[in-house]
Amino acid sequence: MKVPRLDWILTLAVLALVTLGTLLVWSATSHREDLTGGDTTAYLRKQLVNVVIGLVLMVLVLATDHRWVRIIAPLVYLGSVVGLVLVLAMGSTVNGSQSWLQLGGMSIQPSEFAKLAVVVGMALWVAERADARRGRAGGSVGDVVGMLVIAGVPTVLILLQPDLGTMLVLSATVLGVVAVSGAPRRWLALLAAGGVTAAVAAVAGGFLKQYQIERFLAFTNPDLDPRGAGYNVEQARIAIGSGGLTGEGLFSGSQTRAGFVPEQHTDFVFTVAGEELGLIGAGVLIALLAVVIWRALAIAVRTDDVFGRLAAAGIACWFGFQAFQNIGMCLGIMPVTGVPLPFVSYGGSSMFAGMLAIGLLQNIHLRANAAPAARLGTAPRVLVRS
């Protein structure tokens with residue numbers, strides 16, 4: 001075959017997730033006149049627009065020559081840093097975090113794009129050094145220090161917003177990329193210890209706001225403030241628990257229709273699946289997310305390219321930890337930090353960044369398949385000449 005095939009398992013899993021997510025967002029908002037102004041399909045149309053734009057971005061990255069991806073990577077990283085600086089200078093505050101840029105009628109959250117930018121930036125750094133070493137094993141002190149510097153700049157800017165949820169996802173992603181790069185275990189232990197130290201320093205230094213500290217206290221004891229910091233988790237657990245095995249039916253959830261769960265179309269969209277689709281429907285959603293992560297890891301294992309391997313592994317860590325964090329806070333096993341569920345929650349920035357990442361995964365997959373195909377294609381000509 002001259003034209004390598006896409007990873008259709010990954011493609012179908014993502015399409016299934018965005019379809020299911022769009023239905024859940026529609027269900028969560030169709031009865032909320034305070035959000036829709038009486039237009040029951042308002043958020044359905046908005047999310048469909050987000051999905052279409054995301055698919056276009058995915059195709060553009062997928063079709064881009066691999067060499068151009070590596071050339072553009074520094075510009076993507078620089079653009080994300082500029083966006084984070086602009087947020088601190090002129091951003092809008094939503095739910096206590098100054099994380100949004102208003103561009104006309106659209107709101108952009110640069111920290112979502114920073115996740116992908118950090119992954120490709122770290123992957124490019126290690127790949128360039130590997131090329132300089134003519135492919136010899138990485139994991140040197142220079143590799144690790146360079147990756148930490150690349151990740152450190154966006155992390156500090158995100159902490160200043162403060163966006164604790166994104167910072168946690170970014171930290172887990174960085175740790176995963178460093179591990180895959182071949183860094184010694186002592187480096188991973190030092191990074192883990194440094195992360196704990198930084199968290200303690202953030203609390204002691206007053207970087208976290210009072211509402212964020214209260215959320216962590218409510219996580220340790222949900223009954224501490226059931227009408228305040230613990231309200232979200234309490235209502236989320238009630239909604240999921242009421243779904244039972246098969247759920248109350250799409251658009252028929254009592255908690256959802258009554259609007260008891262705050263931010264249900266964004267951070268707590270999983271509660272709609274639990275209540276209206278039950279354990280079976282929520283399990284299918286988790287399985288689809290697991291398939292996406294599995295395919296990302298499979299692509300990372302299959303490719304011989306250092307950049308592709310680290311980028312794919314980093315994307316898998318990003319999606320994996322963010323999904324665990326989002327679902328975990330809905331179940332009460334993780335603190336409420338306000339991160340969206342990949343491909344499911346309402347929001348343009350999260351959808352665009354996720355689709356760009358899927359496009360990059362497919363690009364890496366095509367490149368990994370193209371090399372064996374090219375080698376197979378040359379074999380008959382060699383035999384003929386002999």
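Begin by selecting helix 4 (residues 66-90) and helix 5 (residues 110-132), which pack at an angle of about 145° with their axes 8 Å apart. Axes here are lines fitted to C-alpha atoms, for helices over the stretch in contact, and angles run from 0 to 180 degrees between N-to-C directions. Helices (H or I, at least four residues) and strands (E, at least two) are DSSP runs, numbered from the N terminus.

This is a predicted model, in which local features need pLDDT of at least 70 and side-chain atom pairs count only at pLDDT 80 or more, while totals for chains, interfaces and linings use all residues. Residues are numbered from 1 along each chain as its sequence is written, and side-chain values use heavy atoms, with hydrogens and water left out.

**Helix 4 against helix 5**

Helix 4 passes helix 5 in a left-handed crossing; a crossing is left-handed if the near helix is turned anticlockwise from the far one by less than a right angle, and right-handed if clockwise. Display the side chains where the two helices meet: from helix 4 they include Arg70, Tyr77 and Leu84, and from helix 5 they include Ala117, Leu124 and Asp131. Contact means heavy atoms within 4.5 Å. By class, twelve nonpolar, three polar and three charged residues form this contact of helix 4 with helix 5. Ala, Val, Leu, Ile, Met, Phe, Trp, Tyr, Cys and Pro count as nonpolar, Asp, Glu, Lys and Arg as charged, and the others, Gly among them, as polar.

**The whole chain**

Next, show the entire protein chain, which has 15 helices and three strands. Of its 386 residues, 48% count as buried (under 20% relative accessible area; exposed is over 50% and partly exposed in between, with a 1.4 Å probe and protein chains only). Among contacts in the protein chain with a separation of 6 or more, 73% are between residues 24 or more positions apart.

Select Gln235 in helix 10 (residues 231-241). Gln235 is buried, because its relative accessible area is 13%. Beyond its neighbours within four places in sequence, Gln235 is in contact with Gln255, Phe260 and Val261.

Move on to Glu263, in the loop between helix 11 (254-258) and helix 12 (270-276). Glu263 has a phi near 50°, a positive value in a residue other than glycine. With a relative accessible area of 32%, Glu263 is partly exposed.

Gly320 lies in helix 14 and is partly exposed, with a relative accessible area of 22%.

Phe343 is in the loop between helix 14 and helix 15. Its phi is positive, about 70°, although Phe343 is not a glycine. Phe343 counts as buried because its relative accessibility is 3%.

**The largest cavity**

A search of the whole structure finds two cavities of 30 Å³ or more. On a 1 Å grid over the protein atoms alone, a cavity is a set of points where a 1.4 Å probe fits but cannot get out, and lining residues have an atom within 4 Å of a point. Grid points are joined across faces, edges and corners, and a volume is the space filled by probe spheres set on the points.

The largest cavity has a volume of about 50 Å³. Finish by selecting its lining: Glu112, Trp318, Phe319, Gln322, Pro342, Phe343, Ser350 and Gly354. Helix 14 (306-331) and helix 15 (348-385) are the elements that give two or more residues to this lining, and helix 14 provides the largest share, three residues. The lining residues divide into four nonpolar, three polar and one charged.

How values were computed. 1 Å grid on protein atoms, 1.4 Å probe; cavity = no way out; pocket = protein on both sides within 12 Å on 5 of 7 lines; lining within 4 Å.
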